[in-house]
Amino acid sequence: MKKLFLLLCMAMTTIAFGQNDLKFISGNFDFIKDQTEINVQLKFDNTLYQVENMTEAQYLEKRKKDILANPKKTEADWEKWYGEWERFKNSEYLKYFLKGANSKSKIVFGNDSKAKYTLIIDAKWIYAGWHAGIVAEEAKLTSNMKFVETDDPTKVVMEVEGEKMLGRRENKDFVMEYGRIAAAYEVTGRRLIGKEFKKVFRK
């Protein structure tokens, strides 16, 4: 029994380790010191979903089957769900990231600005979590984040990876996949504006 307990503890530690971590690949935050705003863009070009590493098309096909397998659901319910999925991808995830980043930042993160630098957030892996009444599991987001020159995106000034950022149960849409994923984007924004970011303004 004691051996089983130790194995379970080790497993829990392994699962927890690496979540909500930032890994600095290149560069540092020095470039932001004289800036007042940063432009932000999201990418989903090669995103994989769930533990099975499904493509988005595969994930959506599975969700459609799940929804239509419910005798109380119709094609209209699927269309409504898919419409919300697209809306969150096209606008809400970005809004949640900006909410998280701007809650701690001394400079403004926005979109469609004429900022000198742009942050490109490339979603590599998304786990949508689940919700079953009072019991739920948060979504996780792994992303590559590159700060580039807005006029020449090939010039990367800093690169960071966010590993399995765990969303919080704080928004009204948390019961739905897209709401939980949005929460993971918000946490990513908060975590990015951490001690390394703030240290620049103390120099």
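Reply: Helices (H or I, at least four residues) and strands (E, at least two) are DSSP runs, numbered from the N terminus. Asn 53 lies in the loop between E3 and H2. This is a predicted model, in which local features need pLDDT of at least 70 and side-chain atom pairs count only at pLDDT 80 or more, while totals for chains, interfaces and linings use all residues. Residues are numbered from 1 along each chain as its sequence is written, and side-chain values use heavy atoms, with hydrogens and water left out.

Me: What is the phi of Asn 53, and how is its accessibility classed?

Reply: Most residues other than glycine have a negative phi. Asn 53, although not a glycine, has a positive phi of about 55°. With a relative accessible area of 42%, Asn 53 is partly exposed; buried means under 20% relative accessible area, exposed over 50%, and partly exposed in between (1.4 Å probe, protein chains only). Lys 164, in strand E9, also has a positive phi, near 50°, and Lys 164 is partly exposed with a relative accessible area of 32%.

Me: Which strands pair with E5, and in which sense, parallel or antiparallel?

Reply: Two strands pair if DSSP finds at least two bridges between them. Strand E2 (residues 37-43) pairs with E5 in the parallel sense over five bridges, and Leu 42 stands opposite Ile 121 in E5. Strand E3 (residues 48-49) is parallel to E5 over two bridges, with Tyr 49 bridged to Ile 126. Strand E8 (residues 140-149) is antiparallel to E5 over ten bridges, and there Trp 125 has Thr 142 as its bridge partner.

Me: How many residues of E5 are buried?

Reply: Ten of the eleven residues of E5 (residues 117-127) are buried, so the strand is largely enclosed by the rest of the structure.

Me: Which residues touch the most other members of the largest nonpolar core?

Reply: A nonpolar core is a set of buried Ala, Val, Leu, Ile, Met, Phe, Trp, Tyr and Cys residues joined through side-chain atoms within 4.5 Å. The largest has 45 residues, of which Tyr 93, Phe 97, Phe 109, Leu 119 and Tyr 185 touch the most other members. H3 gives the most to this core, with ten residues. Leaving aside neighbours within four places in sequence, the contacts of Tyr 185 include Leu 42, Tyr 93, Phe 97 and Ile 121.

Me: Is Arg 190 buried or exposed, and what is it in contact with?

Reply: Arg 190, in helix H4 (residues 177-192), counts as buried because its relative accessibility is 17%. Beyond its neighbours within four places in sequence, Arg 190 is in contact with Gly 100, Ala 101, Ser 103, Lys 104, Arg 168 and Glu 170.

Me: How far apart are Val 156 and Gly 27 in sequence and in space?

Reply: Val 156 and Gly 27 are 129 residues apart in sequence and 8.5 Å apart in space, C-alpha to C-alpha. Val 156 is found in strand E9 and counts as partly exposed, at 37% relative accessibility.

Conventions: Contact = heavy atoms within 4.5 Å.
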